[in-house]
Amino acid sequence: MWVQRDITLRPRPRGFHLVTGEVLEALPELGDLRVGLAHLFIRHTSASLSLSENASPDVRRDFETWFDVAVPEDAPYWTHTTEGPDDMPAHIKAALLGPSLSLPVSAGRLALGIWQGIYLCEHRDDGGARRLVATLWGEAG
Amino acid sequence: MWVQRDITLRPRPRGFHLVTGEVLEALPELGDLRVGLAHLFIRHTSASLSLSENASPDVRRDFETWFDVAVPEDAPYWTHTTEGPDDMPAHIKAALLGPSLSLPVSAGRLALGIWQGIYLCEHRDDGGARRLVATLWGEAG
Amino acid sequence: MWVQRDITLRPRPRGFHLVTGEVLEALPELGDLRVGLAHLFIRHTSASLSLSENASPDVRRDFETWFDVAVPEDAPYWTHTTEGPDDMPAHIKAALLGPSLSLPVSAGRLALGIWQGIYLCEHRDDGGARRLVATLWGEAG
């Protein structure tokens, strides 16, 4: 069983956003998988996907702070500056976190830990809508 | 052919730990795969999985040092501090390294390079036992 | 349908290199997949694979600069120094970026965004040729 679908996430401000519910709603066939994988892929180089704590908004705020300190916009060494000061740092942040998540599916559900949620990591000031490709495969239940 | 299994890794101290042998022992069906994939997923947001040098303990020690410097516990900007000073840095470290490994399987073995070993990256002082979901799929040999 | 193949990438200087074309040329069967996944895996611990901007060489130069600043060779805390000053930083950089890419395949093509290209990230001064294992699976079209 294979399912592949484009998902468009509405524009969000720069920062880390919990999108687990939105992604699951777009993938009703997940409930038919007895065992399998769900692969989420973002088709951009300045936004990324990650998995982290799904309860406290201050965790997501601290993610933004740490990444902004670690990959500073005003560093003197950037040479790719024509697309704005947030562009090159966004590419680095996106590469550190990665463009995809591969998640196990068990008995019709993502086999996540209870604290794990899917983050859309928006690294640009005005990133706009973000397009994902979701792919499910495995054995139907 | 699909195999999915929970694996519990015993509690380990904060740091980077080589667990290749322990993981392989839990997956005897890997030997039946002619070609396929092995997916290892950790169900936590303050520990992670990585692949790195499998020989020198000083490499794993230097990993711990670098991550502690890069994501400092005593930074003034953390706001999520209620779960202890090691908690928020652990979430960042875990996101940088990621919650999963996807490894090719060839002729009944992981097709790793000779220096590659599976690391359990324990980012908390007292993380306790860590639960993995291992999923194998592919063509039987 | 499963295809698995070793790909050897010729030696490249330290830095970030666009290898999308080279990888695709080695995988003609990708055109036969209606829906599936392509998994690229590097069998080394001091080089990595990433996905980022495929147009501007200055982006790739800035990647090298940022990683060199973030993981400095001359840091006083390294203990694993017997293989040269570029070795231990290479392990850290490789772990941050990761050893594999999982890419969706749709209608015989990688379903990448228009700006996404495959990077070989060479973290050593003289890394030599780098070996990949490429695995394709899915439904034939």
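Predicted model: local features only at pLDDT ≥ 70, side-chain atom pairs only at ≥ 80, totals over all residues.
**View 1. The largest cavity is lined by 38 residues.** Welcome to the inside of the structure. What classes of residue make up the lining? There are 24 nonpolar and 14 polar residues, with no charged residues. In total, the count comes to 4 cavities of 30 Å³ or more.

**View 2. The second largest cavity is lined by residues of chains A, B and C.** Here the space is about 50 Å³. Chain A contributes A:Leu37, A:His39, A:Ser102 and A:Trp137 to the lining. From chain B come B:Leu37, B:Ser102 and B:Trp137, and from chain C come C:Leu37, C:Ser102 and C:Trp137. By class, 6 of these lining residues are nonpolar and 4 are polar, and no charged residues take part.

**View 3. Chain C can be laid on chain B by a turn of 120 degrees.** The shift along the axis is 0.0 Å and the RMSD is 0.0 Å. The two copies are thus related as by a three-fold rotation axis. Which residue of chain C comes closest to the rotation axis? Look for C:Leu96, whose C-alpha lies at 3.4 Å from the axis. Only 12% of the interface residues of chain C are also interface residues in chain B, so these copies meet through different surfaces.

**View 4. A rotation of 120 degrees also superposes chain A on chain C.** In chain A, the C-alpha nearest the axis belongs to A:Leu96, 3.4 Å away from it. Why can we say that chains A and C meet through different surfaces? Because only 12% of the interface residues of chain A are also interface residues in chain C.

**View 5. Chain A and chain C meet in a contact that takes 26 residues from chain A and 32 residues from chain C.** Together the two chains bury about 2,400 Å² between them. Of this buried area, 65% is on carbon and sulfur atoms. How many salt bridges are counted between chain A and chain C? The count is 0.

**View 6. A:Arg14 forms a salt bridge with A:Asp68.** Side chains of opposite charge can pair when their charged atoms come close. In this pair, the closest N and O atoms are 2.9 Å apart. A:Arg14 sits in the loop between strand E1 (2–9) and strand E2 (15–18) of chain A, while A:Asp68 belongs to helix H2 (residues 57–70), so the pair ties together parts that are 54 residues apart in sequence. Over all chains, the structure holds 33 salt bridges.

**View 7. A:Trp115 is found in a loop of chain A.** This loop runs between strand E6 (109–110) and strand E7 (116–122). Leaving aside residues up to four places away in sequence, A:Trp115 touches A:Ser52, A:Glu53, A:Asn54 and A:Ala55, as well as B:Thr45 of chain B. The C-alpha atom of A:Trp115 is separated by 21 Å from that of A:Ala26, a residue 89 residues apart from A:Trp115 along the chain.

Methods:
Residues numbered from 1 in each chain as written. Chains lettered and ligands numbered in written order. Heavy atoms only, no water. Least-squares fit on C-alpha atoms with pLDDT ≥ 70 in both. Contact = heavy atoms within 4.5 Å. 1 Å grid on protein atoms, 1.4 Å probe; cavity = no way out; pocket = protein on both sides within 12 Å on 5 of 7 lines; lining within 4 Å. Points joined across faces, edges and corners; volume = space filled by probe spheres on them. Nonpolar A, V, L, I, M, F, W, Y, C, P; charged D, E, K, R; others polar. Helix = DSSP H or I, 4+ residues; strand = E, 2+ residues; numbered from the N terminus. Buried area = accessible area lost by both parts, 1.4 Å probe. Salt bridge = Lys/Arg side-chain N within 4 Å of Asp/Glu carboxyl O.
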